[in-house]
Amino acid sequence: MKDCFKHHPWHIIEEGFNPHHNKIAESVFSIGNGRMGQRANFEETYSGETLQGSYVAGVYYPDKTRVGWWKNGYPEYFAKVLNAPSWIGIRVTVAGQELDLAKCKVDQFKRVLDMQTGLLSRSFTATFPDGKQVQIESKRFCSMAKGELGAIRYSITPVNFSSPASILLDVDADVRNMDSNYDEKFWDEVHKHSVEGECIVTAQTKKTFFHVCTGIRYSIQEEGKETDIKVTTGLREKYASNSVELNLNQGKQLVIYKYAAVLSSENHPKEKIVDHCKSLLEDTMTTGFDQLYADHSKVWEHKWNECDITIDGDVAAQQGIRFNIFQLTQTYTGEDERLNIGPKGFTGEKYGGSTYWDTEAYCLPFYLGTSEQKVARNLLVYRYKHLARAIENAEKLGFKEGAALYPMVTINGEECHNEWEITFEEIHRNGAIAYAIFDYIRYTGDEEYLVDFGLEVLIGISRFWAQRINWSDDKKKFVMLGVTGPNEYENNVNNNWYTNYIATWTLNYTRQAINYVKSKNPEKYKSLSGRITFKEQEPLEWKKIAENMYFPEDKSRGVYLQQDGFLDKQLLTVKELRKEDRPLNQKWSWDRILRSCFIKQADVLQGLYFFEDHFDIDTIRRNFDFYEPMTVHESSLSPCVHSILAARLGYEEKAYEMYLRTARLDLDDYNNDTEDGCHITSMAGTWLSVIKGFAGLRVKDGELHLSPFIPKQWQSYSFRIEFRQRVLKIKVSRKGVEAILMEGESLSINLRGKSYTLTTNQVIEESL
Ligand code: BGC
């Protein structure tokens with residue numbers, strides 16, 4: 001755990017320049033707007049340690065797979081979100097010396113991310129080798145109001161000199177991905193131009209042929225007035241620039257406003273993209289930085305209104321939750337159903353910007369609770385649209401007759417992952433996609449979703465489970481062999497309890513869904529079953545499987561076993577590990593990890609979290625007490641599930657400890673990997689820890705239930721929640737819980753076991 005940033009309720013603050021923490025800070029201070037985003041790289045040249053990253057949503061490249069030993073069924077390509085053309089460059093040279101924080105002496109360095117208005121600022125004083133000193137201030141944002149726009153205000157004040165200087169303002173599409181498998185560059189040039197005051201480069205992705213047109217314009221002022229400049233235009237491959245010669249005058253502040261427009265062929269016809277870029281830039285120049293920023297902050301104000309959580313009495317916790325909400329909101333706005341949420345969002349390359357089960361298992365409830373219903377629905381429809389690919393994917397592995405295996409990692413529906421233990425075996429992801437349909441309907445009541453899209457997906461997944469199990473003569477039960485559960489520190493195990501459980505549950509839920517659609521809309525049912533050649537005996541077989549599935553358990557301890565043979569391991573606790581051994585995945589050989597009992601993330605406990613109503617509290621407690629002490633939480637997805645279960649069990653200290661760990665995972669670099677990017681999908685888990693954990697929010701038979709507690713470090717906390725066309729505000733303090741219906745028709749709500757009917761603006765209170 002590191003302590004790089006100051007605690008503040010709305011700001012992330014880095015004081016003093018520490019080059020060793022720069023990549024961590026670049027991740028943490030990332031900005032975006034759902035359509036594009038970027039790491040907090042410097043505008044000026046930086047020759048020190050950095051991971052350069054700008055990303056455009058939905059633009060990807062299928063990088064040819066590279067593996068040590070090819071196995072049948074591996075995907076040929078890994079679709080990656082690309083490091084996209086950069087528009088931030090403002091390179092300053094004074095008397096032949098380049099402003100480069102790795103080469104100058106840096107003082108009073110401060111980097112601030114204002115989460116309230118989505119503004120990244122930086123200020124510092126730099127001393128060049130010849131003693132000349134400049135004071136720099138920069139402010140930058142990706143507009144939430146106009147998703148294709150970004151703007152920078154960059155000021156230079158010469159402290160102890162006057163001198164001619166040159167400033168290079170550019171668009172650079174000659175960029176590469178650090179994770180490129182064959183060290184290839186992924187962009188080709190389509191168009192470029194550089195005239196005085198404007199540079200545009202259109203680049204095209206190899207193989208996928210997306211066009212991204214990136215243009216910049218700028219204005220330069222000294223003390224508020226236009227200043228004399230001489231511009232030289234520059235062009236080279238995939239690159240366009242304006243080099244501006246001017247005079248820096250001691251004590252006078254020179255301000256550069258640089259505006260960028262980033263357009264993708266996903267949203268514009270290729271032949272018009274340059275024209276559209278030019279006219280957007282033209283408008284932007286007229287609007288100006290201050291107004292653009294005002295419009296942008298207004299959207300943030302609105303967003304915070306919708307999804308802020310306030311915490312009184314604990315700044316670290318407040319900053320943590322806001323940081324998580326901020327990053328999630330700027331990664332996915334829910335406006336474009338073609339998009340999804342990559343585990344690193346716009347903050348890094350790792351995980352290729354692809355979609356994982358994280359979306360269904362962790363992110364969906366966040367969007368259900370904070371956005372209009374259509375946002376969560378879009379996330380489900382995204383998978384519906386990939387169903388044909390999931391069927392193809394299963395066929396490649398030998399499954400048939402419409403069995404669907406959704407990919408572990410994908411952008412366009414095709415599997416991208418190529419580690420056999422995950423690609424072929426981490427099949428529980430299929431269950432999460434089925435569970436999300438259930439979760440969405442439970443929350444919204446939108447059962448029609450089953451008729452329109454849900455049932456078809458459920459049938460595909462159930463067909464897969466029915467083919468993936470086999471009958472064991474020995475056990476006289478159905479078993480599932482050769483799987484990897486959510487705990488990826490075990491591979492190729494038999495009868496992972498969680499996978500067997502979610503598979504069985506899917507088979508049962510699909511049968512219910514069939515009955516529902518059959519009775520609600522016989523016409524649609526008929527047409528669907530014809531289209532997918534559904535046989536009436538399929539659900540009968542599923543029933544038989546569900547009734548005879550094998551679940552490993554240890555009756556004497558009263559716990560479910562993560563997999564067959566789990567008790568043969570040496571059962572140790574994390575407390576017995578040496579500090580030098582952590583994180584295990586960076587310190588131990590893989591076989592040692594596999595042989596050990598240590599658990600990467602919730603596995604049996606993931607099942608108890610999803611299906612909490614199926615188990616009594618003592619069963620949940622016994623399993624938690626058994627597994628949690630062996631869990632190293634080396635997946636960012638782990639602490640939140642533990643926090644929620646701990647809260648349910650009344651382990652308030654544990655719930656708080658796990659909350660802080662999930663909320664500050666990146667801010668404090670708990671897992672020593674924030675430099676690769678932030679853990680965006682697990683940020684939804686942080687929100688869940690407060691809402692489902694501390695506030696105990698559940699939906700039971702269409703009614704909202706709350707059974708809150710308040711961590712002893714907090715004075716109060718409050719949040720807003722969307723539920724079935726209503727908006728509620730909940731406040732929990734030491735005295736009790738207060739619920740207000742802010743919008744929508746009256747509804748029944750259960751507070752700590754008592755049911756109330758709430759009408760608009762009515763406040764009800766219940767003591768804790
Ligand atoms: C976790 C997976 C997760 C992936 C992406 C891995 O470390 O074990 O469960 O889907 O990260 O977040």
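**Entry: Phe453.** I started with Phe453, which I found in helix H9, residues 448-468. I kept in mind that this is a predicted model. Is Phe453 buried, partly exposed or exposed? I read a relative accessibility of 21% for Phe453. Buried means under 20% and exposed means over 50%, so this residue counts as partly exposed.

Next I looked up what Phe453 touches. I set aside neighbours within four places in sequence, and Phe453 was in contact with Arg377, Val381 and Tyr384. I then checked Val381 along the chain. Val381 and Phe453 are 72 residues apart in sequence. In space, their C-alpha atoms are 7.3 Å apart.

**Entry: Thr117.** I moved to the loop between strand E9 (105-114) and strand E10 (119-127), where Thr117 lies. Its relative accessible area is 15%. That is under the 20% cut-off, so I noted Thr117 as buried.

Which side chain makes a polar contact with that of Thr117? I found Asp114, at 3.0 Å. I also listed what Thr117 touches when residues up to four places away in sequence are not counted: Tyr293, His296, Ser297 and Trp300.

**Entry: the ligand.** I listed the residues around the ligand. Among them are Pro343, Tyr351, Tyr356, Trp357 and Asp358. Ser635 and Leu637 are also on the list.

I then checked distances to ligand oxygen atoms. For Glu488, an N or O atom of the side chain is 2.9 Å from a ligand oxygen. For Lys600, I read 2.8 Å between a side-chain N or O atom and an oxygen of the ligand. For Gln601, a polar side-chain atom lies 2.5 Å from a ligand oxygen. How much of the ligand's accessible area does the protein cover? On its own the ligand has 310 Å², and the protein covers 92% of that.

**Entry: a sheet.** I traced an open sheet of five strands, in the order E21-E28-E29-E30-E33, with antiparallel pairing. From one strand to the next, the twist averages 15°.

I followed strand E30, residues 736-743, which pairs with E33 in the antiparallel sense over five bridges. In E30 and E33, I found Ile740 opposite Val763. Last, I looked at helix H19, residues 680-694, which packs on the sheet. H19 touches E21 and strand E28 (716-723). The directions of H19 and E28 make about 95°.

How values were computed
Residues are numbered from 1 along each chain as its sequence is written. This is a predicted model: local features need pLDDT of at least 70, side-chain atom pairs count only at pLDDT 80 or more; totals for chains, interfaces and linings use all residues. Side-chain values use heavy atoms; hydrogens and water are left out. Two strands pair if DSSP finds at least two bridges between them. Helices (H or I, at least four residues) and strands (E, at least two) are DSSP runs, numbered from the N terminus. Axes are lines fitted to C-alpha atoms, for helices over the stretch in contact, and angles run from 0 to 180 degrees between N-to-C directions. Contact means heavy atoms within 4.5 Å. Buried means under 20% relative accessible area, exposed over 50%, partly exposed in between (1.4 Å probe, protein chains only). A residue is near a molecule or strand if one of its heavy atoms lies within 4 Å of it. A polar contact is a pair of N or O atoms within 3.5 Å; within protein, one must be able to donate a hydrogen and the other to accept it, and residues adjacent in sequence count only if both atoms are side-chain atoms. Accessible areas come from the Shrake-Rupley method with a 1.4 Å probe; for residues, only the protein chains shown count as cover.
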